[in-house]
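Student: I have a model open and would like to talk it through with you. Could we take it one question at a time?

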Number of protein chains: 2
Amino acid sequence: METFFSFLEKRVDDCSSLLCVGLDPHPSDLPEPTAAAVLAACLKIIKASASYAAAFKINAAFFEVHGAEGWIVLKEVIAAIQHQSDRLGSMIPVILDAKRGDIASTAEAYAQSAFKSLGAHAITLSPYLGRDSIDPFLAYKEKGVFLLCKTSNPGASDLQDLHVGPATAPAGNGRVDETEYLYEHVARLANQWNTANNIGLVVGATQPGALMRVRSIAPDLWFLVPGVGTQGGDLETALRAGLRKDDKGMLINVSRGIARAADPGKASAQMRDEILNIQYQLKH
Amino acid sequence: METFFSFLEKRVDDCSSLLCVGLDPHPSDLPEPTAAAVLAACLKIIKASASYAAAFKINAAFFEVHGAEGWIVLKEVIAAIQHQSDRLGSMIPVILDAKRGDIASTAEAYAQSAFKSLGAHAITLSPYLGRDSIDPFLAYKEKGVFLLCKTSNPGASDLQDLHVGPATAPAGNGRVDETEYLYEHVARLANQWNTANNIGLVVGATQPGALMRVRSIAPDLWFLVPGVGTQGGDLETALRAGLRKDDKGMLINVSRGIARAADPGKASAQMRDEILNIQYQLKH
């Protein structure tokens with residue numbers, strides 16, 4: 001059966017790219033803080049970068065902040081990506097970066113919003129509410145979810161780097177050195193839950209050690225990797241730490257590095273090639 | 001200085017109520033799954049229950065699922081609550097139950113959306129990304145946040161009930177029995193971070209033991225408490241476990257119990273009175 005990740009792998013092969021183009025139209029990057037300016041900025045990036053994009057990641061916040069108009073623009077942006085997919089004859093997956101997470105009856109509405117109303121192919125989700133907050137999304141068999149695992153921000157350490165033990169500590173031998181980090185536990189859960197090839201993880205590039213640990217726990221999962229470039233993550237170090245054995249398994253998200261480039265098309269092509277070069281070097 | 005929680009306490013005193021009326025217009029509860037039906041359902045509940053409501057909690061998902069129209073209706077619902085506040089001469093706080101959580105630059109956009117574009121007075125947030133994902137919301141000095149701590153759903157145990165130790169285990173003495181649950185750690189962080197009276201916690205009524213533990217960690221914080229009624233939490237047990245020494249500190253959320261009542265006004269009044277009776281009994 002076709003799943004989000006089988007679609008994604010097809011696209012990755014079609015364009016020889018692990019580049020995920022992030023659409024983060026921050027008000028301060030726009031000529032004016034309006035929904036129309038958001039649309040114009042996104043359309044420009046989409047047109048220029050589509051040929052090199054394994055996927056697009058849309059940051060919901062920068063649309064939501066414009067209210068109803070932002071919501072209309074969000075649908076238009078997704079339609080524009082669809083248009084590029086048709087033009088290229090190769091489906092470019094759309095990841096809605098919304099980081100939702102709520103109890104089951106509410107999660108159903110968020111899933112319907114992302115997958116049916118908007119037509120996104122995957123969504124980012126917080127794992128804090130546990131399995132039943134994820135299930136309503138997994139019910140859409142051809143869609144995908146990326147669970148937040150280890151994020152690229154400084155505050156990530158507040159919770160994600162805590163040592164965790166089992167829910168019920170085994171009597172007498174529950175030493176902390178037998179435990180793991182919370183983000184590793186999330187990776188382990190995601191790996192267990194991924195019985196239908198529809199779960200990936202968000203793992204930031206800013207901490208390559210974490211990328212390596214998560215990869216060893218989840219050898220086959222796809223990682224959505226923010227944090228290269230502006231946030232300080234080094235591309236080669238990240239790829240070395242996180243690529244799967246088949247040389248895939250990572251979507252390297254770049255937002256500002258493309259949006260702020262004088263020529264977003266050229267910046268996307270360069271980024272795609274830079275990733276390819278590193279993949280080649282790592283193999284040989 | 002006026003803060004969200006000082007506004008809330010004023011309202012609690014004005015209406016002698018700890019009842020939070022939840023607006024969760026689930027498509028299956030509506031005559032038709034449209035934004036117009038959402039608006040009609042919410043207006044009916046708001047008008048009937050405003051006199052007895054310490055606050056209203058709006059579930060963003062059930063508006064978002066209707067796209068741009070849902071967003072327009074969300075603003076109209078908040079305006080309707082404002083109208084009731086004006087009518088009653090007592091400000092009824094609006095909590096946007098959105099459970100957002102993202103890195104700082106994105107969190108700024110979510111905060112602007114909730115507090116400036118929509119005009120909500122408080123928002124629910126996931127703690128998974130840590131302190132810097134909360135700060136952009138706290139920058140709005142008169143607004144409040146409720147951090148997810150212990151939720152009312154079964155899956156809550158997947159992460160929230162894990163035993164956690166310090167980020168760096170002290171050499172040689174890091175036994176699990178010296179650790180605490182993840183949700184307790186979140187409560188402890190919230191208590192530390194609450195230097196400006198603008199942080200509360202979401203603690204479900206379904207596990208009174210957890211309510212008691214969180215209360216002992218955070219003796220002064222306000223709890224937003226879902227899970228009474230439909231989800232199985234017992235009101236008296238919850239109040240006994242979670243009330244502060246001043247007999248306040250809990251907002252008891254009721255959604256379906258009011259929305260599905262033949263007379264939502266009467267159901268709200270009864271719920272307000274039931275809480276009052278239990279408060280009285282616990283004191284005497």
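Student: How many residues of strand β5 of chain A are buried?

Tutor: Happy to start there, and keep in mind that this is a predicted model. Strand β5(A) covers residues 144-150, and it is largely enclosed by the rest of the structure.

Student: Which residue stands opposite A:Phe146 in β8(A)?

Tutor: Let's look at the pairing on both sides of the strand. β5(A) pairs with strand β4 (residues 122-125) of chain A in the parallel sense over four bridges, and there A:Ala122 stands opposite A:Gly144. β5(A) also pairs with strand β8 (residues 199-203) of chain A, again in the parallel sense, over five bridges. In β8(A), the residue opposite A:Phe146 is A:Gly200.

Student: In chain B, what is the order of the eight strands that close into a barrel?

Tutor: The pairing in this barrel is parallel. Neighbouring strands of the sheet are turned by 30 degrees against each other on average, direction ignored. The order is β1-β2-β3-β4-β5-β8-β9-β10.

Student: At about what angle does helix α9 of chain B run to β9(B)?

Tutor: First, the strand itself: β9(B) spans residues 223-225 and pairs in the parallel sense with β10(B), residues 250-254, over three bridges. One of the bridge partners is B:Leu251 in β10(B), facing B:Leu224. Helix α9(B), residues 208-217, lies across β5, β8, β9 and β10 of chain B. Its angle to β9(B) is about 170 degrees.

Student: What area is buried between chain B and chain A?

Tutor: The contact takes 64 residues from chain B and 65 residues from chain A. Four salt bridges are counted between the chains, and A:Lys99 and B:Asp102 meet through their side chains in a salt bridge at 3.0 Å, N to O. Carbon and sulfur atoms give 58% of the buried area, which comes to about 5300 Å².

Methods: Residues are numbered from 1 along each chain as its sequence is written. Chains are lettered from A and ligands numbered from 1 in the order in which they are written. This is a predicted model: local features need pLDDT of at least 70, side-chain atom pairs count only at pLDDT 80 or more; totals for chains, interfaces and linings use all residues. Side-chain values use heavy atoms; hydrogens and water are left out. Two strands pair if DSSP finds at least two bridges between them. Helices (H or I, at least four residues) and strands (E, at least two) are DSSP runs, numbered from the N terminus. Axes are lines fitted to C-alpha atoms, for helices over the stretch in contact, and angles run from 0 to 180 degrees between N-to-C directions. Contact means heavy atoms within 4.5 Å. Buried area is the accessible area (1.4 Å probe) that two parts lose on being put together, summed over both. Buried means under 20% relative accessible area, exposed over 50%, partly exposed in between (1.4 Å probe, protein chains only).
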